[in-house]
Amino acid sequence: MSDELAKVNGGAYNLPGSTVDPVRLGFPSLLAAFGKTAPVIAARELRAGNINTTYLALLEGGEKLILQRINRNVFKQPEMIMSNIRRVTARLRGKLPRDAPDAARRVLSFIQKPDGSMIEWDPSGEPWRCYSYVEGATAYNAAVKPEHLCETGRAFGAFQRDLADFPIDTLHETIEGFHDTPKRFGVFIAAVEADRVGRRAAASREIAMVRDREPLASKIVNQLNDGSLPMRVTHNDTKINNVLIDDITDEAVCVIDLDTVMPGSSLYDFGDMIRFGASTAAEDEPDVSKIALDMGKFEQFTKGFIAETRGFLDDRELLAQPLGCLVITYELAMRFLTDYLDGDRYFRVWGPEHNLIRARAQLRLLEDMESKYDAMVKYILDNIR
Ligand code: GN1
Ligand code: MG
């Protein structure tokens, strides 16, 4: 993890992130559109995420707000996202205990404009949204205490459970075929064949590894299609840094980044949580010898996940979860490699090799997960009896 991405405290107001000029970025008029007219005292960019651009604004009077520019290349219809988020956050809020002491911190609160919409288009045609900053909690790129793992597992498990009775057919598919791994395999093959920017030769080993595993791509989709796995409302981006952890109690406070909440499989969420959080190294670690699946971390995540989902997920679905780890790690390897071959058009990169490094890291992790697959299943089996 780079220091920049880790929690950085700094600035006169002890705000995270790096200082930006709010006027140059047009914050006063964006905030005014959301009915927030107090002057901006300080603004920082939070360097989190590979897609959207996120800022924290401190207003006179002390209110802290997040302003986020939605990446339109990725999310073609921002209104759809906000329609999903509006209803999902309302449902999650409804599931909080009546006496929850810090209810306002437990679910993200998006600010509505006077006309009720939650998007403001800036003069250059970019969509922005605004939500309350959750005080006293941190999004960690890697767990700094062991309890963060179990808490994260709990948070994502509870998220699915709380949305189990959500009318799934009313959710928009914000990115079509997001976890349609066979379709992504097709896109990958097309990128290999097109070789748009002449990088194919540099990635020949990784391309072969992805090709060799093609049967893995359809393992979950087939079970969703034949009904052996149920469709659920899933988060679809369950990185550990998408759960805010309380700075004092170390408990999970709030699940964030709801852009990809869509119909999906529980295996996607479990798999992506393990892929990102239970690795011994960062998602883009260049030294593959440092990358493995940490079974101790796996067990902590799984313990939390099972605690919240038992009963709601039956034993069969719980025991299928490790397949999600393989498929999602494979899918990410494929997505990073596709973007490398396409010339870095999707993910934010720090240089021309970044996507290749990411793909290589995912493939190394996948190999290690393959060797630990039985151990993952065994842990679940031992803990649901
Ligand atoms: C993107 O931007 P961020 O970090 O929330 C991506 C995820 C990937 C992730 C890999 C909409 O998420 O699917 O798993 O990068 N989000 C989208 O780090 O494509
Ligand atoms: Mg995301």
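Tutor: Start with the residues of the shell around ligand 1: eight are nonpolar, three are polar and six are charged. Keep in mind that this is a predicted model.

Student: How many residues surround ligand 1, and which are the closest?
Tutor: There are 17. The closest are Asn50, Asp237, Lys239, Arg335 and Tyr346.

Student: Which helix gives the most to that shell around ligand 1?
Tutor: Helix α11, residues 315-342. Three residues of the shell come from helix α11.

Student: What about arginine 335? What does a polar atom of its side chain lie 2.8 Å from?
Tutor: An oxygen atom of ligand 1. In the side chain of glutamate 283, an N or O atom is also 2.8 Å from an oxygen atom of ligand 1. For isoleucine 51, a polar backbone atom is 3.2 Å from a ligand 1 oxygen.

Student: How much of ligand 1 does the protein bury?
Tutor: 95% of the 440 Å² that ligand 1 exposes when taken alone.

Student: New topic. What domains is the protein divided into?
Tutor: Domain 1 covers 2-135, and domain 2 covers 146-384. Their C-alpha centres lie 26 Å apart. The contact takes 27 residues from domain 1 and 33 residues from domain 2.

Student: And how much area do domain 1 and domain 2 bury between them?
Tutor: About 2600 Å², with 53% of it on carbon and sulfur atoms.

Student: Back to the ligand. Which domains does the shell around ligand 1 draw on?
Tutor: Domain 1 and domain 2, with at least three residues from each.

Methods: Residues numbered from 1 in each chain as written. Chains lettered and ligands numbered in written order. Predicted model: local features only at pLDDT ≥ 70, side-chain atom pairs only at ≥ 80, totals over all residues. Heavy atoms only, no water. Near = heavy atom within 4 Å. Polar contact = N/O pair within 3.5 Å; in protein donor to acceptor, adjacent residues only side chain to side chain. Areas by Shrake-Rupley, 256 points an atom, 1.4 Å probe, with all protein chains shown as cover. Helix = DSSP H or I, 4+ residues; strand = E, 2+ residues; numbered from the N terminus. Nonpolar A, V, L, I, M, F, W, Y, C, P; charged D, E, K, R; others polar. Domains from an automatic or database assignment. Contact = heavy atoms within 4.5 Å. Buried area = accessible area lost by both parts, 1.4 Å probe.
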